[in-house]
Each structure stands twice: as structure tokens, then as C-alpha cells.
Amino acid sequence: MKAYLTRRYWFSASHRLHNDSMSAEENRAVYGKCNNPHGHGHNYALEVTVSGQVDQRTGMICNLLDLDSFVNEKILERFGHQNLNILAEFQEIVPTTENLCVEIFEVLKKDFHHAHVDKVRIEETMLNSFEYAGGGAIRY
Amino acid sequence: MVYLTRKAEFSASHYYHNPEFTPEENQRIFGKCNNPHGHGHNYTLEVTVKGQVDQRSGFVVDLKELKEIMKREVIDAMDHRFLNKEVTDFKDRIPTTENLAISIWSRLRTKLNLAELHRVRVYETPDLFVDYYGEA
């Protein structure tokens, strides 16, 4: 039987929304307060959804220890307490939470093989959230 | 089509153990959850049903009835129970959150005749939940 498991994690990071190919005025107009050159931070809540057949022997889609250790090592340690703008991932793209969502989904999709990776959802604040399923439909 | 979700809470204990595994395997696969004395969680259950809105009542489902079915089929059976020992669904199945969602789905599906069951979501903690849509 196929089920979906979602695990929630937290990390804190700073970013500045700025695009070098826009003028200073344009950057201010598009990004507003988020264009502050010194950056600002968020406590991001990250939700990772995986799916698969529930293994009859373990009762699990995948072992949570495998998911937790992957996310800790490849995502939380990579992005936690960092300035996202200085990371290699965001040299060509603006570290909006849309782009962060896509980036984290791709990291999981590429190297997490214990279950099917369905979706990444990030709450930037309690009022904003973003979801990416690699172009697939998002199921509610 | 309108979707309606009703929540309920229950607290229960469980442990993870497969008698076909060696003690070492059980420990390696299930870790702390293998403690035979069990440990507990405050579970939150979300049941989502879907259907057309009835023109006369304005309801997708009679919430009173849904509430009663959830109480009778799930809460009364599982609240303040040791799932491995006191709930027959888990006599031969490990009471993981995945299996709990599947078990709750099958308890509710046959009892709901007013609206169609869409999703069962079980939160084991606020940071971990499983969704089951009745898929094979």
C-alpha cells in the first residue's frame, strides 16, 4: 500500500534579494525591504514529503533515520546559519524561497534513493510558504 | 466537489518490533522505537472527505455523524491504549505511523456512506505525519 510521509525540519539563514542585471532602482522596486544590502534572516521550516509502498516487514516507507541523516548532512548543515547569497548555488540565481525550494528538491531527488521524493515545502515565515514537486502535481 | 477535514486527537503507546528479525536487526532498524516497554505519542488525526454539497442542508457530510464515526471507530479503540497489545489491527503488523494511517482508513471507509473518504493524515508529532489515500 502506497503512503506519503512528511517530515518537518528547521534551519536559519540570511539572504538578500538582488539581481545584478537590474538597476539599483529596479532592485529596490522589485525586492523592496528584501534588497537591503546587509541582508536579513529567517527561520525556515522545511517539509520533505516522500512516498512509496509500505514495507510489510518494517511497516515503513523508508527508515526515518536515513531521511533524517540525509537532510541533516546535505541540507541543514549546508544551509543552516549561512548567508545564502555567498553559497555556490546562489551565484547565478537569486536566493528567493522559490529558488531555495527548487534547489533543495533537486538535492533530494539526485541523491536520496530510499523513497520517492514527492515534494519540498518551505515556510519562510509563518505567513509565506512555497512548494515544489519537480513540476509534478501537488496532492492535497 | 468540496473537501471537508475533521481533526481528532488521541494518545497511545507503541513499539516497533518484527519477530522475524534478530534482536540485533530489530535494534539496528528500529533504534529507540524497539524498546519493548513501549513509548507514547499524542497523535493528531485528520480525516478529509469529499463530495457534492447537498442543496437542502448545505453540507458535504453531516459533521455530527463524521465525528461520531471517528470517535467510535478510532478514538474509542486507540486512545490511551498500547497499540501493539490492545488493538487487533497490530497483532501481526507493526504500529508505525504508516500502518496506523492505513488501519484508520480501512476502519473508516466502510462506515462512511454519506461522503467519500479522500485522505487520512496521522501526525505522530507536529514534525512527522503520514498521508494515506487508499492506494494499493
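Colleague: What covers the buried residues of H2(A)?

Modeller: The cover includes four elements of chain A: S1, strand S2 (40-53), strand S3 (82-83) and helix H3 (97-111). Keep in mind that this is a predicted model.

Colleague: Which residues of H2(A) are buried?

Modeller: Look for Leu67(A), Val71(A), Ile75(A) and Phe79(A). A residue is called buried here if 20 or more other C-beta atoms lie within 10 Å of its own.

Colleague: How do I read the span of H2(A)?

Modeller: Compare the end-to-end reach with 1.5 Å a residue. H2(A) covers residues 64-79, which makes 16 residues. From first C-alpha to last it reaches 21 Å, close to the expected 22 Å.

Colleague: Where does H2(A) bend?

Modeller: At Asn72(A), by about 40°. Then check the backbone just after the helix: His81(A) has a positive phi of about 55° there.

Colleague: Now the strands of chain B. How many bridges pair S1(B) with S2(B)?

Modeller: Read pairing as bridges plus a sense. S1 (residues 2-14) and S2 (residues 39-51) of chain B share 13 bridges, in the antiparallel sense. One of the partners to find is Tyr43(B) in S2(B), bridged to Phe10(B).

Colleague: Which way do S2(B) and S4(B) run, parallel or antiparallel?

Modeller: Antiparallel, with 7 bridges between S2(B) and strand S4 (residues 116-125) of chain B. Opposite Lys50(B) you find Glu116(B) in S4(B).

Colleague: On to the interface. How is its size given?

Modeller: Often as the accessible area lost when the parts come together. Here, take the contact counts: 20 residues of chain B touch 16 residues of chain A.

Colleague: Which elements give two or more residues to the chain B side?

Modeller: Helix H4 (97-109) and strand S5 (128-132) of chain B. S5(B) gives the most, with 5 residues. By class, this side has 10 nonpolar, 4 polar and 6 charged residues.

Colleague: How many bridges join S1(A) to S5(B)?

Modeller: There are 4, joining S1 (residues 2-15) of chain A to S5(B), and the strands run antiparallel. Start from Arg7(A): its bridge partner in S5(B) is Leu128(B).

Colleague: Which residues touch the most other members of the largest nonpolar core?

Modeller: Ala3(A), Ala101(B) and Val122(B), out of 55 residues.

Technical notes. Residues are numbered from 1 along each chain as its sequence is written. Chains are lettered from A and ligands numbered from 1 in the order in which they are written. This is a predicted model: local features need pLDDT of at least 70, side-chain atom pairs count only at pLDDT 80 or more; totals for chains, interfaces and linings use all residues. Two residues are in contact if their C-beta atoms, placed from the backbone, lie within 7 Å. Ala, Val, Leu, Ile, Met, Phe, Trp, Tyr, Cys and Pro count as nonpolar, Asp, Glu, Lys and Arg as charged, and the others, Gly among them, as polar. Two strands pair if DSSP finds at least two bridges between them. The expected span of a helix is 1.5 Å times one less than its number of residues. The bend at a residue is the angle between axes fitted to the seven residues ending there and the seven starting there. A residue is buried if 20 or more other C-beta atoms lie within 10 Å of its own, exposed if 12 or fewer, and partly exposed in between; C-beta atoms are placed from the backbone. A nonpolar core is a set of buried Ala, Val, Leu, Ile, Met, Phe, Trp, Tyr and Cys residues joined through C-beta atoms within 7 Å.
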